[in-house]
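Here is a short report on one protein model. It moves from overall layout to single residues.

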Amino acid sequence: MIRRARFAAVVSLVLSGAVVVISSTQTWLTVVLDDGAEHALQVPGSAAVPVLAPLGLAVLALGGALSIVGVVLRFVFAVLTALIALAIGWSSAQVVLGPPVSAVAATVTEATGITGAEAVAELVAATIQTPWPVITAGTALVLLAAGLFTLATARTWKGAGRRYRTDDSTPIAAVPGSRPHDAIDSWDDLSRGEDPTDRPLD
């Protein structure tokens with residue numbers, strides 16, 4: 001159960017981060033301009049929500065690091081995950097509920113050279129939403145759940161593997177020079193011209 005908790009948390013973060021990054025490259029909105037000759041512009045997620053890609057990459061980094069950090073950092077990362085989830089959810093929800101001018105302003109300005117919220121709003125005749133804002137908002141909910149789940153279970157996760165431990169639990173037999181003297185050692189003594197019978201008994 002403990003291993004499954006860690007695995008579920010890490011996989012949830014990595015997959016959520018990947019979806020957010022992919023979403024930032026996809027078309028979120030199609031904007032129809034009324035500037036004398038109607039034409040449509042594609043607005044990607046990175047233009048609608050400029051912080052989307054950086055937040056997605058941050059989630060990926062947190063997911064990768066979460067698999068190896070200690071207890072304290074697990075809690076820190078869980079809180080960061082929840083905060084990032086809220087930021088992604090809030091930003092994408094604004095587009096879902098009704099695209100603000102700011103979501104399309106950069107794309108419209110790049111295509112027409114017109115700046116200013118009011119001027120851009122006058123140019124926009126219609127906006128058509130794709131499924132990606134909704135997908136991203138849903139991913140934010142999954143990410144928030146993963147952060148809360150990590151907070152609830154982080155203390156029960158096992159630490160790093162034994163191969164990374166440097167404590168004093170190494171068996172005495174594994175320490176060089178501390179194992180019993182055997183027949184092979186006696187043969188080596190003879191090959192060096194030494195008398196193996198002079199060695200004190202173990």
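## Terms and basis

A contact means heavy atoms within 4.5 Å. Helices (H or I, at least four residues) and strands (E, at least two) are DSSP runs, numbered from the N terminus.

This is a predicted model: local features need pLDDT of at least 70, side-chain atom pairs count only at pLDDT 80 or more, and totals for chains, interfaces and linings use all residues. Residues are numbered from 1 along each chain as its sequence is written, and side-chain values use heavy atoms, with hydrogens and water left out.

## Layout and confidence

The protein has eight helices and three strands. From the N terminus on, the elements run α-β-β-α-α-α-α-α-β-α-α. Of the 202 residues, 31% count as buried; buried means under 20% relative accessible area, exposed over 50%, and partly exposed in between (1.4 Å probe, protein chains only). Take the contacts with a separation of 6 or more: residues 24 or more positions apart account for 70% of them.

The mean pLDDT (the predictor's confidence in each residue, from 0 to 100) is 82, and 75% of the residues reach 70 or more.

Three strands form an open sheet in the order E2-E1-E3, with antiparallel pairing. Two strands pair if DSSP finds at least two bridges between them. Strand E2 (39-44) and strand E3 (124-129) stand at the edges with a single partner strand each, so one side of each has no neighbour in the sheet. The twist averages 25 degrees from one strand to the next.

Strand E1 (residues 27-33) pairs with E2 in the antiparallel sense over six bridges. Leu33 stands opposite His39 in E2.

## Helix H5 on the sheet

Helix H5 (residues 101-112) packs on the sheet and touches E1, E2 and E3; its direction makes about 130 degrees with that of E2. Such axes are lines fitted to C-alpha atoms, for helices over the stretch in contact, and the angles run from 0 to 180 degrees between N-to-C directions.

Ala103, Val104, Thr107 and Val108 are buried in H5. Seen down the axis of H5, they fall within an arc of 100 degrees, so they line one face of the helix. The arc is that of the directions from the helix axis to the C-beta atoms. What covers these residues includes E1, E2, H2, helix H4 (71-97), helix H6 (117-123) and E3. The face turned away from the buried side carries the exposed residues Ser102 and Glu110. Gly113 follows H5, and its phi is positive, near 80 degrees.

Helix H3 (residues 52-66) has 15 residues and reaches 21 Å from its first C-alpha to its last, close to the 21 Å expected at 1.5 Å a residue. The expected span is 1.5 Å times one less than the number of residues. Leu52, Leu55, Gly56, Val59, Leu62, Gly63 and Leu66 are buried in H3. They fall within an arc of 120 degrees seen down the axis, so they line one face of H3. Leu57 and Ala61 are exposed on the face turned away from the buried side.

H7 has 22 residues and reaches 31 Å from first C-alpha to last, close to the expected 32 Å. Its buried residues are Pro133, Thr136, Thr139, Ala140, Leu143, Ala146, Gly147, Thr150 and Thr153. They cover an arc of only 165 degrees around the axis, which puts them on the same side of H7. On the other side, Leu141 and Ala152 are exposed.

Ser16 is found in helix H1 (residues 2-25). Ser16 is buried, with a relative accessible area of 4%. Leaving aside neighbours within four places in sequence, Ser16 is in contact with Thr139, Val142 and Leu143. Ser23 also has its place in H1. At 0% relative accessibility, Ser23 counts as buried. Not counting residues up to four places away in sequence, Ser23 touches Trp28, Gly45, Leu52, Trp132 and Thr136.

Pro50 is found in the loop between helix H2 (45-48) and H3. Pro50 is exposed, with a relative accessible area of 61%. Its C-alpha atom is separated by 9.7 Å from that of Ser91, 41 residues apart along the chain.
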